[in-house]
Amino acid sequence: MTRTLVDGAYVVTMDAGRTEHETGHVLVHGDRIAAVGAGAAPQEVRDTVERVVDARGCLLTPGLVNTHHHLYQWATRGLAVDETLFGWLTRLYPVWAGIDEQAVNVAARGALAWLARSGCTTSSDHHYVFPRSGGDLFAAEVEAARSVGLRFHPCRGSMDLGRSRGGLPPDDVVEDRDAVLIETEAAIDRWHDPSFGSMLRVAVAPCSPFTVTTQLMRESAELARSRSVLLHTHLAETLDEDRFCRERFGRSPLEYVEDVGWLGTDVWFAHGIHFDDAAVKQIGATGTGVAHCPTSNARLGAGIARSRDLRDAGARVGLGVDGAASNEAAGMLDDVRHALLFARATGGPQALAVRDALEMGTVGGAAVLNRSDEIGSLETGKLADLALWRLDTLPHADVADPVAALVLGAPPPLELLMVGGRPVVEQDEVVTADSVSLAGEVTAVHRELMSKAGEIS
Ligand SMILES: [Zn+2]
């Protein structure tokens, strides 16, 4: 097994004591962290390794964890740019109706390569559009994650409440409920790996209250629990959704999901913006997770989650970029920064500390995915998922606090990104994908989807 030493960086471990080393080292052995320490590594350690990374002038952090995304949207960016969520969805559904294996694979490789470039080592994906003639879209995104090399949590999404039955999506992009459950279980059988160090875990993820029947919400929860996998959905993203739930179910979004068995340590919600005090308390008391997606929420003008209140209440809070159709940048470090800025813009100067924002992007995300014992911090025995940021160039040189340089400053060059000890980014270049040819492939897929939807000829 390969041994790599990252030596001389400012090390932010994000361990329980939030230990930081002004100058420190991390030893990687195979896919694990073999040692973390202060100062330069001793010569006897240096003598045992294949590679020494000179990390002077750099900041070493755990790899960032993305808890909400729709990878296929990488090929449908820049549309309906001034719309509300419901207006944006209504415009995009017909474009998404054209996706197939090729489109999903290309878009997912593009999105994941860019996530890697932004310091992300683990990403979830919530895929809920399955056109009848699209082929095996789940396999297409799994293959994309394998080729780029990120740790992956694909969520088998679903929609079964079309427009003719009072839902938002057109009938031709929704699925039959029984088919959803069969396909979801098949995805778990085929891909889910619960072992320590797993590169792939599947979650069950009906899309949202306004696209999914109550019966499918209930049966999805039963399926997930019978197979010991996690549950994920969108919740409390907009006031339109709040109105929809009150009109259709006579309940708030949180009351509705509680009715269908969707609270607990095996559940995480994307967004969680429009929660009142009682809802925040209940999310915390039940240990439910929230994927806070500040950039997407601001882009759609949906509002901003009460991240500080949710954390104080005991909720597990991580960060997500959300789909690239509502966050054209879709970089994880942007969301760490925006989580901080928007928390303070709405909650005042003490609403969130710089290190709390980085915590949500690392250990917070690991907790949301129930992987606190494996990822999210730099500790001996954990997986070697790490990001090494260069801070000695013009934008960051001499910023007094390196964590502030990362969170508040411009996105720094990414010197190295490792996933399970394997380099995915070196000196700002993704080494597992050809970014130039990938950009061309994404362009071709985008044009094909727009043409299929009749938006271009
Ligand atoms: Zn989403």
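View 1. At 15% relative accessibility, F244 counts as buried (buried means under 20% relative accessible area, exposed over 50%, and partly exposed in between, using a 1.4 Å probe and protein chains only). Bear in mind that this is a predicted model, where local features need pLDDT of at least 70 and side-chain atom pairs count only at pLDDT 80 or more, while totals for chains, interfaces and linings use all residues. Residues are numbered from 1 along each chain as its sequence is written, and side-chain values use heavy atoms, with hydrogens and water left out. F244 sits in helix α7 (helices are DSSP runs of H or I with at least four residues, strands are runs of E with at least two, and both are numbered from the N terminus). Which residues does F244 contact, leaving aside its neighbours within four places in sequence? They are L161, G166, P209, F210 and F249 (contact means heavy atoms within 4.5 Å). Take G166: it is 78 residues from F244 in sequence, yet their C-alpha atoms are 10.0 Å apart in space.

**View 2. The buried side of helix α7.** Now look at the whole of α7, residues 239–249, where E241, D242, F244 and C245 are buried. These four residues lie on the same side of α7, because they cover an arc of only 160° around the axis (the arc is that of the directions from the helix axis to the C-beta atoms). Here's a handy rule: an α-helix has 3.6 residues a turn, so residues three or four places apart point the same way. Among the elements that cover the buried residues of α7 are α2 (85–96), β10 (230–235) and α8 (253–259). Just after α7 comes G250, with a positive phi of about 65°.

**View 3. Strands β1, β2 and β3.** Strand β1 (residues 3–12) pairs with strand β2 (residues 20–29) in the antiparallel sense, over eight bridges (two strands pair if DSSP finds at least two bridges between them). Strand β2 also pairs with β3 (residues 32–38), again antiparallel, over six bridges.

**View 4. T4, tucked into strand β1.** T4 belongs to β1 and is buried, with a relative accessible area of 4%. What does T4 touch, not counting residues up to four places away in sequence? The list is V26, L27, V28, V49, R51, V53 and M418.

**View 5. Strand β8, covered on both faces.** Eight of the eight residues of β8 (residues 151–158) are buried, so the strand is largely enclosed by the rest of the structure. One side carries R151, H153, C155 and G157, the other F152, P154, R156 and S158, and all of them are buried. Strand β7 (residues 120–127) pairs with β8 in the parallel sense over six bridges. For S124, the bridge partner in β8 is H153.

**View 6. Helix α4 packing against α5.** Helix α4 (residues 137–148) and helix α5 (residues 177–191) pack at about 30°, with axes 11 Å apart (axes are lines fitted to C-alpha atoms, for helices over the stretch in contact, and angles run from 0 to 180 degrees between N-to-C directions). That angle makes α4 roughly parallel to α5 (under 35 degrees is roughly parallel, over 145 roughly antiparallel, 65 to 115 roughly perpendicular, and the rest oblique). The residues in contact are F138, A139, V142 and R146 of α4 with A187, R190 and W191 of α5.

**View 7. Helix α3 crossing α4.** The axes of α3 (residues 101–117) and α4 come within 8 Å and cross at roughly 35°. On the α3 side, the contact includes V104, A108 and L112, and on the α4 side it includes L137, A140 and A144.

View 8. Most residues other than glycine have a negative phi. D322, though, has a positive phi near 65° without being a glycine. Is D322 buried or exposed? D322 is buried, at 4% relative accessible area, and sits in the loop between β13 (316–319) and α12 (332–347). N370, not a glycine either, has a positive phi of about 55°. You'll find N370 in the loop between α13 (354–368) and β14 (386–390), and at 36% relative accessibility it counts as partly exposed.
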